[in-house]
Amino acid sequence: QVQLVESGGGLVQAGGSLRLSCAASGSIFSFNAMGWYRQAPGKERELVAAISRDGSIKYIRDSEKGRFTISRDNAKNTVLLQMNSLKFEDTAVYYCAAQRGSILRVPEYWGQGTQVTVSS
């Protein structure tokens, strides 16, 4: 079993930055592929970024390339999502996700979510 706890959300003006952090516990962190999803009101949950268990493979949603960066620290059992040049449409609840294995395909574990609100 894996427990995921997100932090770092909040209210920010358009153009600003936030860094989301996800702390994992309950299993060997380096065994899990990790990712960040988000869900805006009235919309489906969507994958924003993912990272392989060794950190060598990264995926960023096309619309966020150049603005978002995903990284992980296996020694600290954390995965980070650095979000720059935030836009109003980035407003959503952001969820950390994990899956056993090298690549994130279908998350097995979810955090409780952290709200990101971007004011225009």
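This is a predicted model: local features need pLDDT of at least 70, side-chain atom pairs count only at pLDDT 80 or more; totals for chains, interfaces and linings use all residues.
Two residues are in contact when heavy atoms of theirs lie within 4.5 Å.

Leucine 86 is found in a loop, namely the one between strand 8, which covers residues 78–83, and strand 9, which covers residues 92–100. Is leucine 86 buried or exposed? Its relative accessible area is 2%, and because buried means under 20% relative accessible area, leucine 86 counts as buried. If residues up to four places away in sequence are not counted, leucine 86 touches Val12, Ala14, Gly15, Gly16, Ser17, Leu18, Arg67, Phe68 and Val118.

Which strands does strand 4 pair with? Strand 9 is one partner, joined to strand 4 by eight bridges, and the two run antiparallel; in this pairing, glutamine 39 stands opposite valine 93 of strand 9. Strand 5, residues 46–51, is another partner, also antiparallel to strand 4 and joined to it by five bridges, and here tryptophan 36 stands opposite alanine 49 of strand 5. Strand 4 and strand 5 together form a hairpin, with six residues between them, and in the turn glycine 42 has a positive phi of about 80°. As a general point about such elements, the side chains of a regular strand alternate between the two faces of the sheet.

A disulfide is a covalent bond between the sulfur atoms of two cysteines, and a search of the whole structure finds one. This disulfide is formed by cysteine 22 and cysteine 96, whose sulfur atoms are 2.1 Å apart. Since cysteine 22 lies in strand 3 (residues 18–25) and cysteine 96 in strand 9, the pair ties together parts that are 74 residues apart in sequence. The torsion about the S-S bond of cysteine 22 and cysteine 96 is about -80°, and therefore the disulfide is left-handed. Cysteine 22 has a relative accessibility of 0% and so counts as buried, and cysteine 96, with a relative accessible area of 0%, is buried as well.

Technical notes: Residues are numbered from 1 along each chain as its sequence is written. Side-chain values use heavy atoms; hydrogens and water are left out. Helices (H or I, at least four residues) and strands (E, at least two) are DSSP runs, numbered from the N terminus. Buried means under 20% relative accessible area, exposed over 50%, partly exposed in between (1.4 Å probe, protein chains only). Two strands pair if DSSP finds at least two bridges between them. A disulfide is a pair of cysteine sulfur atoms within 2.5 Å.
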